[in-house]
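Me: Hi! I have a structure open and would like to talk it through with you. Could you take a look?

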Amino acid sequence: SKSSEEIKQQNSELSEKVHSLVSANSAMKLDMEDLHKKLEMAELMIQQFSNQAGSLDANQQLQMVLEEKASLETQVAQLSESLHQLQAERDQYVEKLKEERSIWQQRVQQLSEQVHTMAEEKEKHMAQIRELEANVTEL
């Protein structure tokens, strides 16, 4: 019973971690989508500035946009890597929960069989007691 409570607590903690990872995963996906949109905007700005010929301000702006694009691409790559790591962790937690669930199902099955066996033994003993009482009464 104590072991059962401990494992239930562990399962609960692992479930919370999985939910937390799923939430973090969703947040990162949203961040990644936002960064992709910013990257697309930066690329559009680059195209616009590239089409404009020659002024120094346009070249400076183009350089800034190119730097921002590189920065956004780096952020997208980092978020992608973090997302993959979170997904791997989530998969590990899910696998561990499945294993523990299987172990608990086996335990429950064993205990159920023991309860059934004990009930049968109790019935046999009760029948013996009734038989012995009848013999005592007869004697």
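Reply: Happy to! Across the interface of domain 1 and domain 2, the rule finds zero residue pairs in polar contact, both at pLDDT 80 or more (a pair of N or O atoms within 3.5 Å; within protein, one must be able to donate a hydrogen and the other to accept it, and residues adjacent in sequence count only if both atoms are side-chain atoms). This is a predicted model: local features need pLDDT of at least 70, side-chain atom pairs count only at pLDDT 80 or more, and totals for chains, interfaces and linings use all residues. Residues are numbered from 1 along each chain as its sequence is written, and side-chain values use heavy atoms, leaving out hydrogens and water.

Me: Where do the two domains run?

Reply: Domain 1 is 1-52 and domain 2 is 66-138, with bounds from an automatic or database domain assignment.

Me: How many salt bridges cross that interface?

Reply: The rule finds one, where a salt bridge is a side-chain nitrogen of Lys or Arg within 4 Å of a carboxyl oxygen of Asp or Glu. The side chains of Glu 43 and Lys 69 meet in a salt bridge at 3.8 Å, N to O.

Me: And how much area is buried between the domains?

Reply: About 2200 Å², with carbon and sulfur atoms giving 79%; that is accessible area (1.4 Å probe) that two parts lose on being put together, summed over both. In domain 1, Leu 21, Met 28 and Leu 35 lose the most area to domain 2, together 26% of what that side buries.

Me: Which residues touch, in numbers?

Reply: 24 residues of domain 1 are in contact with 20 residues of domain 2, contact being heavy atoms within 4.5 Å.

Me: New topic: how far apart are the domain centres?

Reply: The C-alpha centres of domain 1 and domain 2 lie 28 Å apart.
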